[in-house]
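Visitor: I have a structure to look at and I'm new to it. Could you walk me through how to read it?

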Amino acid sequence: FHITSFFQSLSSYVTVIALEEIIVGKSGDNATLSCIYQERELLLKNLRVYWQIADDQEECSVVHALISGQDNESEQCIHFKNRTKLFWDRLENGDFSLLLLNVSKRDEHTYKCVVLQKTEYTKVIHQAKVVLSLAASYSQPILSGPIRNSDSTGEEVTFSCKSGNGYPKPNVYWINKTDNSHLSPSELKITLHPDGTYSVFSTLKVNATSNMEIECSIENKILHESLSANYTQQNQSNGSSTESHKNLEKNGRGAQAAGIISIVILIGLLVGLTCWLWRRRSSKLISYTGNE
């Protein structure tokens, strides 16, 4: 029985009834491709279950095959050898999901699950499609901007933005928030690391204005995720210390010290007043005793 020929003849009249998207965090993780048939108490000896690559016309497309309750590896793609497993304790309950081990970028495909049942004749009883993608969130961008002087308007200043631990490659945007216009980066460097994730570093050079509002945005399209950091005049939103933050902290410490000094002076005055009253009362008592 030639599995590839069977799939080619089957595809002309089979309609896919389910589509699921699976996102794996990073290379090396495992992924479960879901294929669940709601009927129960199926006889494995009457079933054929096929997992195949559905979006690629490569010569080999067989990911996993189960025929009459036995794994069939005769036409399995070499790339998937020893990397696929069915959940044997769930098969008779209609769960034909596939565990794919040690996922890599090469495994990003649309997969098709086809379940056939043989009674008087062979018929398709269930099928599903699963889209497998790798994606990892980027770290919160760190935006570094210039420490501006009051007379720096018109001078060229440089901003830098960095983020990492993400996948796939991000889109990086520099935005002038005063009019929401996009700015061209002066430098954009995207680095691939051994674990399959990327880091990004970008710089922007612009002429300083009196009301600068700059945003750096890192977009991950697969996760529909966009992370941003902002610079407004002398304030940066990346959590680093800025001049305004330092001044506030300095003023706060000064106010705290002044308060402590005031309390010490007040206590000293109260102690002095108490001593004076005590001495005055004592002198009056001595004078009264002497008159008697």
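Visitor: How many residues does the largest nonpolar core have, and which have the most contacts inside it?

Guide: In soluble globular proteins, nonpolar side chains tend to be buried together. A nonpolar core here is a set of buried Ala, Val, Leu, Ile, Met, Phe, Trp, Tyr and Cys residues joined through side-chain atoms within 4.5 Å; buried means under 20% relative accessible area, exposed over 50%, partly exposed in between (1.4 Å probe, protein chains only). In this predicted model, the largest such core has 50 residues, and Trp51, Phe96, Tyr111, Leu132 and Phe159 have the most contacts inside it. Its largest share, 5 residues, comes from strand β9 (residues 122-134). Strands (E, at least two residues) and helices (H or I, at least four) are DSSP runs, numbered from the N terminus.

Visitor: Why does this core lie between domain 1 and domain 2?

Guide: Because domain 1 (20-134) and domain 2 (139-231) both give residues to the core. The bounds come from an automatic or database domain assignment. Apart from this core lies another, of 5 residues, including Tyr50 and Val114.

Visitor: What is Phe96 in contact with?

Guide: Contact means heavy atoms within 4.5 Å. Leaving aside neighbours within four places in sequence, Phe96 has among its contacts Cys35, Tyr37, Trp51, Leu86 and Val115.

Visitor: Is Thr84 buried or exposed?

Guide: Thr84 is buried, with a relative accessible area of 11%. You'll find Thr84 in strand β6 (residues 84-86).

Visitor: Which side chains make polar contacts with the side chain of Thr84?

Guide: A polar contact is a pair of N or O atoms within 3.5 Å; within protein, one must be able to donate a hydrogen and the other to accept it, and residues adjacent in sequence count only if both atoms are side-chain atoms. The side chain of Thr84 has one with the side chain of His64 at 2.8 Å, and another with that of Gln76 at 3.0 Å.

Visitor: How do β14 and β15 pair?

Guide: Two strands pair if DSSP finds at least two bridges between them. Strands β14 (residues 187-192) and β15 (residues 198-207) run antiparallel, over 6 bridges. Leu192 has Tyr198 in β15 as its bridge partner. Together the two strands make a hairpin with 5 residues between them, and Gly196 in the turn has a positive phi of about 90 degrees.

Visitor: What should I know about the numbering and the cut-offs for this model?

Guide: Residues are numbered from 1 along each chain as its sequence is written, and side-chain values use heavy atoms, leaving out hydrogens and water. Local features need pLDDT of at least 70, side-chain atom pairs count only at pLDDT 80 or more, and totals for chains, interfaces and linings use all residues.
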